[in-house]
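Please look over the chain shown below before reading the notes on its fold, cores, aromatic rings and backbone.

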Amino acid sequence: MLHKWKQEFLYNFKSITYFLGINYTSLMVNPRIQHRPTICYRPIKPSDLETLERIHSDVFPIRYESEFFQSVVNGCDVVSWAAVDRSRPDGQSDELIGFVTARIILAKDSEIADLLRYDSSRVDQTLVYILTLGVVDAYRNLGIATALIREVIKYASSIPVCRAVYLHVISYNNPAIHLYTKMSFNCVRRLHGFYLINGQHYDSYLFVYYVNGGHSPCSPLELVTVIVRCMKTGLKSVAAKLMMAKVKWPKGNETRGPVLTQNKRMTNIGCSGLEYV
C-alpha cells in the first residue's frame, strides 16, 4: 500500500505539474537586487525545509502536505536541486532562491511509454518527471530556471537506463512553451481537458527531452529513411532476378532471337521494423 503522502501526491498530480508553466511566465519580471549575484546550484538538504515551504507557498496557490516537503529535503523518492546566491549578504549565501523537484519512474509504467522506442523486455529502463520549479521574485529573469532544468537533464543523462525527461505545460502558457522548445524539448502530445482549475478545463502539452539514445518510435524523417531503404532493397532484388533470368532458345531452325523467361519463383520484398505513429 502506498504511503499516505504518495496517495495524496498522485491525487494532486495534475495540480502540481500545472504550475511548471506558470512559474516561467513570472521569470520575465526584471530582478530587483542590490548586488551582483553569484548563482550556484546544489542538492536540496534538510536545512532548506522552512525556506522550501515558504517559496512553494509564495509561488503556488495550493497547499502541499508536509510529507511532500520531507520527501524532498530527505531525498525520499524525489530528486531535487537548489539555486543559491553565494554573494548574498547577512549570512544568507546558502539560502534557497530557486528549486526544481523531480522523480524517477519506470518507463513501462509511464504515460509516455507509447512515445518511446525502447526494449520493453528490460523492466529497469526509467524516465525523469519534473514536478515543481520555482524562483523567488528578486532573482527572476536571470536564467535560473533554465539552469535548473539543465541540472535535471544532466542527472537523467548520467543514468544509463534513463531514456527521457518529461513534463506538462498548460496550453496557453506561451513563454513556458518557448522555453522548453528552445531547450530542445519535443512537444509530443496535446492532452485535452487535462487540467481542471476553478471549475474550468484547460489543455496541456506534453514535452519530452530524450537522453541516452531514447527517441520516439518513428519520426517523419525516420519513416522516409526506412521507406527509401526498402525501395532500394526492392529494386536491387528485382535487378538481381533479371540478371539470373534463364535464356530459352526456340527449337528447330527458327532464326528468331532468344526469349528471356523469368524464374517462376516470386520475390518477396519486405520492410521489417517499419513503425507508424
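**Briefing on the predicted model**

Asn141 sits in the loop between β4 and α5 (144-157), where helices (H or I, at least four residues) and strands (E, at least two) are DSSP runs, numbered from the N terminus. The model is predicted: local features need pLDDT of at least 70, side-chain atom pairs count only at pLDDT 80 or more, and totals for chains, interfaces and linings use all residues. Residues are numbered from 1 along each chain as its sequence is written, and side-chain values use heavy atoms, with hydrogens and water left out.

**Backbone**

- Asn141 has a phi near 70°, a positive value in a residue other than glycine.
- With a relative accessible area of 37%, Asn141 is partly exposed (buried means under 20% relative accessible area, exposed over 50%, partly exposed in between, with a 1.4 Å probe and protein chains only).
- Asn212, which is not a glycine either, has a positive phi of about 50°.
- Asn212 belongs to the loop between β7 and α7 (220-243) and is partly exposed at 33% relative accessibility.
- Most residues other than glycine have a negative phi.

**Whole chain**

- The chain contains seven helices and nine strands.
- Of the 277 residues in the chain, 40% are buried.
- Among contacts with a separation of 6 or more, 70% join residues 24 or more positions apart; contact means heavy atoms within 4.5 Å.

**Nonpolar cores**

- A nonpolar core is a set of buried Ala, Val, Leu, Ile, Met, Phe, Trp, Tyr and Cys residues joined through side-chain atoms within 4.5 Å.
- The largest nonpolar core has 33 residues, and Ile149, Tyr180, Phe185 and Phe207 have the most contacts inside it.
- At least two residues of this core come from each of β2 (79-85), β3 (96-106), β4, α5, β5 (162-170), α6 and β7.
- The most is given by α5, with seven residues.
- Beyond its neighbours within four places in sequence, Ile149 is in contact with Leu133, Leu179, Tyr180, Met183 and Phe185.
- Another core lies apart from this one and has 27 residues, including Val73, Leu116, Leu127 and Tyr129.

**Aromatic rings**

- The whole structure holds 10 aromatic pairs; rings of Phe, Tyr and Trp (its six-membered ring) pair if their centres lie within 6.5 Å, and planes under 30 degrees apart count as stacked, over 60 as edge-to-face and the rest as tilted.
- Tyr64 and Phe69 make an edge-to-face pair, at 6.0 Å centre to centre and 75° between the planes.
- Tyr64 and Phe69 are both buried.
- The pair of Phe185 and Tyr209 is tilted because the ring centres are 5.3 Å apart and the planes are at 55°.
- This pair links distant parts of the chain, 24 residues apart: Phe185 is in the loop between α6 (174-182) and β6 (186-197), and Tyr209 is in strand β7 (residues 200-210).
- Phe185 is buried at a relative accessible area of 4%, whereas Tyr209 is partly exposed at 22% relative accessibility.
- One aromatic cluster is formed by Tyr180, Phe185, Phe207 and Tyr209.

**A strand residue**

- Leu131 is part of strand β4 (residues 126-135) and is buried, with 0% relative accessibility.
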